[in-house]
Amino acid sequence: MYSWYGACKVEDVREISKEDGKKMYYIFKPHNDKKATVMVPVDNERMREIISKEEAETLLKSIDELPLNWVENSRIRDELYMEILREGDTKRVLQLLKTLLLKKEEVKDAKGKMNMRDNRILTNTEKYLFSELSISLNVELEVIREQVSSNVISKYKEKSMY
């Protein structure tokens, strides 16, 4: 797992010369974007192993209990949500996804549109989380997206959480 890109496959490890000298880099292919190539220094601290199947199943079972984390102030919200994605804590990312999916549904029910910045964060959150869950659970990306999204939204419709 790597920050913005979510689950990635290591294609290569190579030494690359830059202005500040030679350094070893991982060459990644993101799971959710086969055309992209990402070069990351091997000493980067934002990488981690993907979660296990058991951890993924436990995580998804916990979604109903996760509190929403909507922040009214858009500047503070942007900073907080970007930090959650940078940190990559899977439970917090799932909480963020739930919050944004429900906010999008609330705005849609009011015949409005979610603002562009929140929508972009939602898209990045989906890419990040769904790529990891897809691999952990050995399920196609679109299948996991549909399952999680429909589960969250159907619970919202049932409970009228907002």
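The model is predicted, and local features need pLDDT of at least 70, side-chain atom pairs count only at pLDDT 80 or more, and totals for chains, interfaces and linings use all residues. Residues are numbered from 1 along each chain as its sequence is written, and side-chain values use heavy atoms, with hydrogens and water left out.

## The chain as a whole

The protein chain has 5 helices and 3 strands. Helices (H or I, at least four residues) and strands (E, at least two) are DSSP runs, numbered from the N terminus. Along the sequence they follow the pattern β-β-β-α-α-α-α-α. The C-alpha trace of the protein chain spans about 55 × 35 × 25 Å along its principal axes.

Of the 162 residues of the protein chain, 39% count as buried. Buried means under 20% relative accessible area, exposed means over 50%, and partly exposed lies in between (1.4 Å probe, protein chains only). Contact means heavy atoms within 4.5 Å. Among contacts between residues at least 6 apart in sequence, 56% join residues at least 24 apart.

## The sheet

The 3 strands form an open sheet in the order β1-β2-β3, with antiparallel pairing. Two strands pair if DSSP finds at least two bridges between them. The edge strands, each pairing on one side only, are β1 (8–18) and β3 (38–41). On average, neighbouring strands of this sheet are turned by 35° against each other, direction ignored.

Strand β2 (residues 21–30) pairs with β1 in the antiparallel sense over 10 bridges. β1 and β2 form a hairpin with 2 residues between them. S17 stands opposite K22 in β2. β2 also pairs with β3, in the antiparallel sense, over 4 bridges. There, I27 stands opposite M39 in β3. In a regular strand the side chains alternate between the two faces of the sheet.

## Contacts of helix α4

Helix α4 (residues 116–137) packs against helix α3 (residues 90–109) at an angle of about 135°, with the axes 9 Å apart. That makes α3 oblique to α4. Angles under 35 degrees count as roughly parallel, over 145 as roughly antiparallel, 65 to 115 as roughly perpendicular and the rest as oblique. Axes are lines fitted to C-alpha atoms, for helices over the stretch in contact, and angles run from 0 to 180 degrees between N-to-C directions.

α3 passes α4 in a left-handed crossing. A crossing is left-handed if the near helix is turned anticlockwise from the far one by less than a right angle, and right-handed if clockwise. The residues of α3 that meet α4 include V93, L97, L101 and K104, and those of α4 include I121, L122, L129 and F130. By class, this contact of α3 with α4 has 11 nonpolar, 3 polar and 4 charged residues. Ala, Val, Leu, Ile, Met, Phe, Trp, Tyr, Cys and Pro count as nonpolar, Asp, Glu, Lys and Arg as charged, and the others, Gly among them, as polar.

Helix α2 (residues 74–87) has an axis that comes within 11 Å of that of α4, and the two cross at roughly 10°. That makes α2 roughly parallel to α4. R77, D78, Y81, M82 and L85 in α2 meet R117, D118, I121, N124, T125 and Y128 in α4. The residues of the contact of α2 with α4 divide into 5 nonpolar, 2 polar and 4 charged.

## Single residues

| Residue | Relative accessibility | Class |
|---|---|---|
| T99 | 0% | buried |
| E105 | 6% | buried |
| K111 | 77% | exposed |
| N138 | 71% | exposed |

T99 is in helix α3. The C-alpha atoms of T99 and L137 are separated by 23 Å, and the two residues are 38 residues apart along the chain. E105 is also found in helix α3. Not counting residues up to four places away in sequence, E105 touches I153, Y156 and K157.

K111 lies in the loop between α3 and α4. Although K111 is not a glycine, it has a positive phi of about 65°. N138 lies in the loop between α4 and α5 (141–159). N138 has a positive phi of about 55°, although it is not a glycine.
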